[in-house]
Amino acid sequence: MVQKKVKKASPAHRVQKEKPHTFVSEVPDRIRRLISSSLEIDEVLNLSMHLMEKTLGATASSILLYDAETNQLKFYLATGDKKDILKVIRMPSDQGVAGRSFQTKRTLLIPEACKSPFFYNKVDEKSKFITKNLIATPIEVKGKCIGVLEVLNKARGTFTPEDARSLKTISREISIAIENAQLYDEVKRAYMDSMLNMAKAEKYRDGDTGLHIERCGEYAYRLGPALGFSAKDLDSLKLSMMMHDIGKVAIPDAVLLKPAKLDPAEWEIMMRHTTLGGEILGRGAHMKNAVDIATCHHEKWDGSGYPQRLSGGQIPLSARLAAIIDVFDALSSKRPYKDPFPPEQVNAMLLEGAGKHFDPELLQLFISRIEEMREIYRTISAA
Ligand SMILES: [Fe+2]
């Protein structure tokens, strides 16, 4: 419900009337272009919010999403200097201006927050933000309200009904971005899951219990932050590491399961599991780590590895990590042809590969965390 009526013929209104042009045609168009670009959803939403603030003259904005488990609205994204505090604040889904907008699926224009019967001042108390005026509009996906988009504190004066209508239009574009991202995530997750199942099946075929790939994923997950992987990329790094040998699904049993040493021709076939892995995983942007790891985990720092004989920094970081992880786990495990090596010997064998097989700096990091890695090994081992 837009509470404020449009005033006729005031000079201020004439100025306002020129702006909708910018809103209704250009801003949604620019948001649409952002959505169709290859940016991540959070980037699209952040850029959309900044664009929206600039055009509406707002000093802050936020996207609240509904959490069905707790029946609360939580701040998914917020701008302004209180954004970090806001991210941890939740509010009942039936309270405040946002709650009212969420429940009624109406756009609410609140010219003076302190006078509004719906205003929920606990968010301001917790965040130390002072809400003066705001507009809240529902975000709907397939007719279902999933959250609320807000703009707050107009830099000059207060928000107008025109602003409210524009925000409603922008909200529709943001809904599309969220819906697309949800669909994309579902497809990506389903794809990663099926690849992972294939990798697990391959390990069983190889006579492995599947624990090796579980551990490889976990080592990478723990070391990822020290390598600069952000929290949101860790799950993908873990899955990618678990799929490092997926190319072996395409290696004939006569080679993969041969109980004796491979001859040179067979070894050639075996080495193809790297490039085959990269091909199986595809070339999509979101699969970059998985492809890098599958293709390059047998490259060596000194250029003596395979398949491309890459060296040093030519080898992707995730693949350099995979090389260390894979060897550490193999040395620590019992195989049909060997017992596990004792911990000191594993250390010594890894260190022997510094600057030859392994990236020396990365190896240093791995060795500094080796007790934690051993703990992962013990935890994820057959009883
Ligand atoms: Fe391999």
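User: What spacing do the donors of the iron ion follow along the chain?
Analyst: This is a predicted model, where local features need pLDDT of at least 70, side-chain atom pairs count only at pLDDT 80 or more, and totals for chains, interfaces and linings use all residues. Residues are numbered from 1 along each chain as its sequence is written, and side-chain values use heavy atoms, leaving out hydrogens and water. Donors are N, O and S atoms within 2.8 Å of the metal (3.2 Å for Na, K and Ca), and with water not among the atoms, sites may look incomplete. The iron ion gets D245 (OD), H273 (NE2), H297 (NE2) and H298 (NE2) at 2.1 to 2.3 Å, and the spacing reads D-x27-H-x23-H-H.

User: Is H297 buried or exposed?
Analyst: Buried means under 20% relative accessible area, exposed over 50%, and partly exposed in between (1.4 Å probe, protein chains only). H297 has a relative accessible area of 2%, so it's buried.

User: Which residues does A319 touch, not counting those up to four places away in sequence?
Analyst: A319 counts as buried too, at 1% relative accessibility. Going by contact (heavy atoms within 4.5 Å), A319 touches D292, I293, C296 and H297.

User: Which side chain does the side chain of N133 join through a polar contact of 3.4 Å?
Analyst: N133 counts as buried at 6% relative accessibility. A polar contact is a pair of N or O atoms within 3.5 Å; within protein, one must be able to donate a hydrogen and the other to accept it, and residues adjacent in sequence count only if both atoms are side-chain atoms. A polar atom of the N133 side chain lies 2.9 Å from the backbone nitrogen of K154, while the side-chain partner at 3.4 Å is T158.
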